[in-house]
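I am opening a notebook page for this two-chain entry and want to record what I looked up, item by item.

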Amino acid sequence: MTQISAGAPKEKLASRTAAMIVMGISTLYFLVPIWWLFIGSTKSREQFSSTAGLWFADFNLFTNIGDLFAYNDGVYLKWMLNSIIYASFGALLGTLFAAMCGYALAKYRFPGRELIFNTVLGGVLVPATALALPLFLIFSQFNATNTFWSVFLPSIVSPFGVYLARIFAAASVPDELLEAARLDGAGEVRTFFSVSRRLMTPALVTIFLFQFVAIWNNFFLPLIMLRDQTLFPVTLGLYTWNSQVNQIPEIRTFVIIGAFLSIIPLIIAFLSLQRFWRGGLGAGSVK
Amino acid sequence: MHIKNSKRIVALGVLAAISLTGCAAGGSSGSGGGSDAAACAPSDGKVDLTYTSWIPGIDKVVDIWNKENPDIQVKVQTGPNGNGGTYKNFFNQLSAGNAPDLGQIEYDALPNFRVQDGLTNIASCKNVTESKDDFIDWTWNQVTFGEKDSVYAIPQDTGPMAMYYRKDLFEKAGIPVPTTWDEYAAAAKTIRSQGGYITNFPQNDVNWFAGLVWQADGRWFSNDGDKWDVTLTSPESEKVADYWQGLISTDLVSKVPAWTDEWNNAYNTGSDWTWISAVWGANSISSGAPDTSGNWAVAPMPQWKAGENKAGNWGGSSTAVLKGSKHPYEAAQFALWLNTSDEALTALNKEANLYPATKAGLKLPVLSEGVDFYGGQKIYDTFATAATETNSDFVWGPTMTQTYGDVADGFGEVLGGTGTLTDALKTGQKKTIDALDAAAIPVNK
């Protein structure tokens, strides 16, 4: 870094331009599909295939949204609500468990600690998709498939969160502070919630975000578990509609506009939690 | 996915051996569970059934039944279309023992469920065998597999094929509407000389291609009770392949992939003039090419020999009673009502454009009206005739997903400029035999 900034102004300008170009291209690359989706959402069905994909025709966004919400007794709104419930509560509980587990692994010494940690670490490597079918068979044993819990319970487990929480707890929660809390008479649970949790906040926000996005985008588990469309998350619902497009071409508009609306909560979650995240990275680097 | 598939194929092989030897011995042994053909008796008291289907709006149709039958309540479950995940779910549920009582299964997937022993024989359930004559002949063969005293599903809908064409463009260009495939090829030349294409050749709609073979009296599979015979390379099949190969090689058909915006646009802007398609395609055109409203018409499929009247079929599904259902009697009664009663067929057509599989259903009032998009033509009359002109002997194989995939790969190469459609069928033939063999399903090599 210092070398580059100490170099000739010409070189500096060149490298900066290059960086801007690379970033500009990446931004464009990532935003074009969203732009396309937005444009598609504003078009009527007739104009969707007959006008250019990346620019407006007649602006029908709100009519389309109205139609989407009305279609099939408003099942789309139900799906959105389901997704919000699965993702926010799942991420909240998932973060709590991951934080407690990671914290315990970082701050307490007990036999089998490394074994547990390594097992959890192994869990990071197993893709969630591979577990969907075994989970289905297990839930079948309890007659619990096609229920809210069949999607919710597997969602509150986050091996990666445990890993992250442990690393972060080890780095950001000083043993001396815990010692002091204990001397002041705070129990372990109270120490965790009132002292350590605060110190770990940046990591917790990260875990929450990761978990929120993972649950929101989770598709395979609901596909295998759920049959009742009032339980569907929005991903599965849209996929189901999309598979019916050949039969009922009218649905296509709803798939497009539905997909567009379904990314909005993710954007909100990211933008509102991003500050904490940045703060966390900063705190780590100072140390 | 591959791992899971191969596991499934192993399981499939074992079951295939069981079911096929069962057939040869002249009767199903009904492996486990009280779903033997002879045991179809009404249950006592109120019965709750589950029915999985991906038909949009099916719940509204089932509501009619539920109101009329307080003692047999059907709960609708839904999901993506069959190959989009619902079939896999069925197999998962069958192995977990919690499959729904009834499931929607397309004709080309039924043999797969049959060899994996996933279906209940409902032949002895009240009114089932008797309803044979209510259905269009070929559909009944699809649900019985030609086995004696067997009915494994109730036909639901069909996709009789015809030719959609731009009436206005044909008239303007002075081209007579083709009635034979030779005339169709001649028309293709004239249309090409005017800058258009007569149609496109779709890489991935292998079941569409099968519909054309079906029309030519070709068969891709047969099963004598002991062994499967794979005949993707039968003379009829190769005749169809050669014909389309000729059109592709001389650039008389476009290579636009079906079901894309580009494809819709080709119809919307009048650069594609015809589409050989099923009855449900009527809506695909009207929604994909809205600017051409009123300019389309429907004629019977071109024939191989002048004067013949033969049609193919593309698509359609059945309502099957899945293995393990505790109430096959009630399930069968519901399936019969759903697929034969006027009120259900009318509702299914209204909600999801389903085209009935019963002979009486073809005369439903909704199907005898003119359609504005097609210049007010009573297009369903053409399809009703086509439905009765469809060969009854066409049989689907037990590994259609694999067959479709392998043939589509070959078609893709042809459109890319290498190989021929016949090569694609040869490869498909070989790979299908290999797949059946690997699954321990008896097959003639």
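Predicted model: local features only at pLDDT ≥ 70, side-chain atom pairs only at ≥ 80, totals over all residues.

**Entry 1, the contact between the chains.** I began with the interface, where 24 residues of chain A are in contact with 28 residues of chain B.

**Entry 2, the domains of chain A.** I then looked up how chain A is divided, and the assignment gives domain 1 as 2-64 and domain 2 as 65-286. The centres of these two domains of chain A, taken over C-alpha atoms, are separated by 29 Å. Across the boundary, ten residues of domain 1 of chain A are in contact with eleven residues of domain 2 of chain A. The elements that give two or more residues to the domain 1 side of this contact are α2 (9-41), α3 (45-50) and α4 (61-70) of chain A. By class, that side of domain 1 of chain A has five nonpolar, four polar and one charged residues.

How do α9 and α12 of chain A run relative to each other? The axes of α9 (residues 159-172) and α12 (residues 201-217) of chain A come within 10 Å and cross at roughly 170°. Angles over 145 degrees count as roughly antiparallel, and the two helices α9(A) and α12(A) are therefore roughly antiparallel to each other. On the α9(A) side I listed A:Phe160, A:Gly161, A:Leu164, A:Ala165 and A:Phe168, which meet A:Ala203, A:Thr206, A:Ile207, A:Phe210 and A:Gln211 in α12(A). The contact of α9(A) with α12(A) has seven nonpolar, three polar and no charged residues. For the spacing of such residues I keep in mind that an α-helix has 3.6 residues a turn, so residues three or four places apart point the same way.

In chain B the assignment gives domain 1 as 2-158 + 316-363 and domain 2 as 161-313 + 395-438. Their C-alpha centres lie 30 Å apart, and 16 residues of domain 1 of chain B are in contact with 14 residues of domain 2 of chain B. On the domain 1 side, α1 (2-24) and α4 (110-115) of chain B each supply at least two residues.

I traced an open sheet of five strands in chain B, in the order β2-β1-β3-β10-β4, with mixed pairing. β2 (72-77) and β4 (153-155) of chain B stand at the edges with a single partner strand each, so one side of each has no neighbour in the sheet. From one strand to the next, the twist averages 25°. Strands β1 (residues 47-52) and β3 (residues 102-106) of chain B run parallel and are joined by two bridges, and B:Tyr51 stands opposite B:Leu102 in β3(B). Helix α2 (residues 58-68) of chain B lies across β1 and β2 of chain B and runs at about 175° to β2(B).

Is strand β8 (residues 274-278) of chain B mostly covered or mostly open? I counted five of its five residues as buried, and β8(B) is mostly covered. B:Thr274, B:Ile276 and B:Ala278 point one way from β8(B), while B:Trp275 and B:Ser277 point the other way. Five bridges join β8(B) to β5 (residues 161-166) of chain B, and the two strands run antiparallel; B:Ser277 in β8(B) is the bridge partner of B:Ala162.

Last I looked up B:Thr403, which lies in helix α15 (residues 400-416) of chain B. B:Thr403 has 26 C-beta neighbours inside 10 Å and so counts as buried, the cut-off being 20 or more. Leaving out residues up to four places away in sequence, B:Thr403 touches B:Gly397, B:Gly428 and B:Thr432. B:Val206 is 197 residues from B:Thr403 in sequence, yet their C-alpha atoms are 8.8 Å apart in space.

Definitions and conventions:
Residues numbered from 1 in each chain as written. Chains lettered and ligands numbered in written order. Domains from an automatic or database assignment. Contact = placed C-beta atoms within 7 Å. Helix = DSSP H or I, 4+ residues; strand = E, 2+ residues; numbered from the N terminus. Nonpolar A, V, L, I, M, F, W, Y, C, P; charged D, E, K, R; others polar. Pairing = 2+ DSSP bridges. Axes fitted to C-alpha atoms, helices over the stretch in contact; angles between N-to-C directions. Buried ≥ 20, exposed ≤ 12 C-beta atoms within 10 Å, placed from the backbone. Parallel < 35°, antiparallel > 145°, perpendicular 65-115°, else oblique.
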